[in-house]
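Visitor: Could you take me through one part of this structure at close range? I would like to start from a single residue and then look at its wider setting.

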Amino acid sequence: MTGLTAAKTAIPAEGAWQQIVSFLSPGLKEIISAVPQRYLSELEEIRLRRDRPLMLGVGSADFFVRRDGSVNHIPAGAFVIEASDLEKVIHNISGYSIYALEEELRNGYLTLPGGHRVGLTGKAVLDNGRVKTIKHISGLNIRVCREVKGIAGGVLNKLIDHKTGSVYHTVIFSPPRCGKTTLLRDLVRQISDGVPGFNFPGRTVGVVDERSEIAGCHRGVPQMDVGVRTDVLDGCPKAQGMMILLRSMSPDVIVTDEIGKMEDIKALEEVFNAGVRVIVTIHGSSLRELAARPALKYLLQLNIIERFVQLGRSRGVGTVEKIYTGSDLLQLGVKQ
Amino acid sequence: MIKLIGGLLIVTASGLAGWKKAGLYSRRPRELRQLITALQMLETEITYVATPLPEALARTAEQMGSPAAALFGRIAAELRSGSGKPARDTWSESLQWYYPRSSLGESDLSIVRGLGNSIGISDRDDQGKHIRLAAEQLKAALAAAEESAQKNVKMWNYVGLLGGLVIVLALY
């Protein structure tokens, strides 16, 4: 077991909250800046809901903020978000251009410079039964993005075939919020940059980042450090994206997040056949559970994935619980 | 001799005044045409390319001549300054600033000001509609402006010159 202590190695958040505050309205900026530093340094999200109190998510708890910047567990007396506050924030995050965010509004979120994510709710406008856009935006959730560099070192060592210098086909799986994407991002960075420590020269990595979570792209430019040899296809459906990267960018490793659909697996098969290495993440708490899903069962039966990394929270977010190899699967009876 | 010089001065001054007034009438259609072109560019930037507003305005300014370039350039710069002001306030303040520098009438500017209420805050189709509506209204204003230019430019040129002569003759 390799312990990953994400919380301890996290980059200080001073820069992060200041970046976010620059998108707030002048009034909100003043209030948040007055919040005690110990809350801001662990700030995870700022929630703005029209006509309701200003709320901060800090660690795993949430707090309501008063006009003077003091925080409290009780909503009474907290600063209430007005329409004009929301309007100004929306102006700032959209660069005065709601029309330029059609795709983002359809998906319900957008990425800010710095990789921070903003979720939006309001009234959905439908077109042929599909969400066309969101109007009358009334709720924003600004999520602070923190890069945790260096956490993948221990894992990466076990994901490299030291004889040939190539990366094993790897699946990272865990329940939600266990640090899959954070680990994946750091793996991408280290595989791309190379690790002199164990004589790994660095490989060309292609990332299909459908939900902009791995590289946190803002207008196509990665806001996180994803390494020097990394190409990111932002906002692209995974199956299509893998094919595009395979054909156009000649990657050594293709990386994508949260696969699960049959079309994703079919695309992965193409990638395997092209001799390109694959690292993907999957939601799931055990190998048995993965094997119970038809699409993933098919993937397991292909007998190609060489490493399964299971993450959990037993020693904090991002703990590597176990790394399985292909032969472990046979012993566990997961594979027929 | 002094009388002659005085007379000449009066005629020149009055002629210049008439010429200036006529210039106002002939510049207005030109500026309206310029605004219409600018709005068409803005529409293309927004509806086809979805360029963010400050950038779309700056690009429009780059391609425009004076004085419309100054207007769009100013709005773009104000929006980029990160004041947190809503776009419609910036828009309308910039028009206020532009008014004394242009030959446009209050009614022309109010058309553009109206556009400021909706610029940037809706989807592309909707933005296109608002911009086209403003451009159509400006075209109507242009037709009226051209007609009044035709009537007034010549008249004010003559009125200036002849008025000066009349004054000189009366004083003689």
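Visitor: Which residues does Thr111(A) touch, not counting residues up to four places away in sequence?

Guide: Happy to, and please keep in mind that this is a predicted model. Leaving out residues up to four places away in sequence, Thr111(A) touches His116(A), Arg117(A), Ser212(A), Gly216(A), Cys217(A) and His218(A). You will find Thr111(A) in strand 5 of chain A, which covers residues 109-111. Its relative accessible area is 10%, and because under 20% counts as buried, Thr111(A) is buried.

Let us turn to the helices. Helix 8 of chain A, residues 180-193, spans 20 Å from its first C-alpha to its last, close to the 20 Å expected for its 14 residues. This helix is mostly covered, with 12 of its 14 residues buried; among them are Leu183(A), Leu184(A), Leu187(A) and Val188(A), along with the charged Arg185(A), Asp186(A) and Arg189(A). Just after helix 8, Gly194(A) takes a positive phi of about 90°.

Further along come helix 10 (residues 262-273) and helix 12 (residues 294-301) of chain A, whose axes come within 9 Å and cross at roughly 15°. An angle under 35 degrees counts as roughly parallel, so helix 10 and helix 12 of chain A are roughly parallel to each other. The crossing is right-handed. From helix 10, Met262(A), Ile265(A), Lys266(A), Leu268(A), Glu269(A) and Phe272(A) meet Ala295(A), Leu296(A), Tyr298(A) and Leu299(A) of helix 12. By class, that contact has 8 nonpolar, no polar and 2 charged residues.

Notes
Residues are numbered from 1 along each chain as its sequence is written. Chains are lettered from A and ligands numbered from 1 in the order in which they are written. This is a predicted model: local features need pLDDT of at least 70, side-chain atom pairs count only at pLDDT 80 or more; totals for chains, interfaces and linings use all residues. Side-chain values use heavy atoms; hydrogens and water are left out. Helices (H or I, at least four residues) and strands (E, at least two) are DSSP runs, numbered from the N terminus. The expected span of a helix is 1.5 Å times one less than its number of residues. Buried means under 20% relative accessible area, exposed over 50%, partly exposed in between (1.4 Å probe, protein chains only). Axes are lines fitted to C-alpha atoms, for helices over the stretch in contact, and angles run from 0 to 180 degrees between N-to-C directions. Angles under 35 degrees count as roughly parallel, over 145 as roughly antiparallel, 65 to 115 as roughly perpendicular and the rest as oblique. A crossing is left-handed if the near helix is turned anticlockwise from the far one by less than a right angle, and right-handed if clockwise. Contact means heavy atoms within 4.5 Å.
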